[in-house]
Amino acid sequence: MSRCTKKSNLEVHHVRRDGGNDLTNAQVLCKDCHSATSTYGNPGKSPTQFTQDVKDKALKRAGNQCECTSVRGCH
Ligand SMILES: [Zn+2]
Ligand SMILES: [Zn+2]
């Protein structure tokens, strides 16, 4: 498993749509990896935005780097 090395165009992804808005449900992903997630851009109920505080903490936890470790070839 290799982690994506992108450090730009970072977005905070909801790991589970119904998983709430705290840090445990946040994953920092670059634009490419984010758009490759199965739930990205799906119509229907979209989760409420993370607060800026949670986004800041998630980015700090991730070291301002994409946290994607997917092997689907998105990075
Ligand atoms: Zn990425
Ligand atoms: Zn990826």
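Q: How many residues of strand E2 are buried?
A: This is a predicted model. In it, E2 is mostly covered. On one side sit Ala-26, Val-28 and Cys-30, on the other Gln-27 and Leu-29, and both faces are covered. The buried count for E2 is five of five.

Q: In which sense do E1 and E2 pair, antiparallel or parallel?
A: E1 spans residues 10-14 and E2 spans residues 26-30. Leu-10 has Cys-30 as its bridge partner, while His-13 stands opposite Gln-27.

Q: How many residues of E1 are buried?
A: A residue counts as buried when 20 or more other C-beta atoms lie within 10 Å of its own. By that cut-off E1 is mostly covered. The buried count for E1 is four of its five residues.

Q: In what order do helices and strands follow along the chain?
A: The protein chain holds two helices and two strands. Helix H2 covers residues 52-61. Read along the sequence, the pattern is β-β-α-α.

Q: Which residues does Leu-29 contact, leaving aside neighbours within four places in sequence?
A: Leu-29 is one of the buried residues of E2. It also belongs to the largest nonpolar core. Contact here means C-beta atoms within 7 Å. The partners are Glu-11, His-13, His-34, Cys-66, Glu-67 and Cys-68.

Q: Why does Asn-9 count as exposed?
A: Asn-9 lies in the segment before E1. Its phi is positive, about 55°, although it is not a glycine. Asn-9 is exposed because its count of other C-beta atoms within 10 Å is 12.

Q: How many C-beta neighbours inside 10 Å does Asn-64 have?
A: Asn-64 lies in the segment after helix H2. It is not a glycine, yet it has a positive phi of about 55°. Asn-64 counts as exposed, and its number of C-beta neighbours inside 10 Å is 11.

Q: Which residues does Cys-74 touch, not counting those up to four places away in sequence?
A: Cys-74 is found in the segment after H2. It is partly exposed, with 16 other C-beta atoms within 10 Å. Its C-alpha atom is separated by 25 Å from that of Thr-48, 26 residues apart along the chain. The residues that Cys-74 touches are Asp-32, Cys-33, Ala-36 and Cys-68.

Q: What radius of gyration does the protein chain have?
A: The C-alpha atoms fill a box of roughly 30 × 25 × 20 Å along the principal axes. With 75 residues, a compact globule would have a radius near 11 Å. The chain agrees with that, at 12 Å.

Notes. Residues numbered from 1 in each chain as written. Chains lettered and ligands numbered in written order. Predicted model: local features only at pLDDT ≥ 70, side-chain atom pairs only at ≥ 80, totals over all residues. Pairing = 2+ DSSP bridges. Rg over C-alpha atoms; globule rule 2.2 N^0.38 Å. Core = buried A, V, L, I, M, F, W, Y, C linked by C-beta atoms within 7 Å. Contact = placed C-beta atoms within 7 Å.
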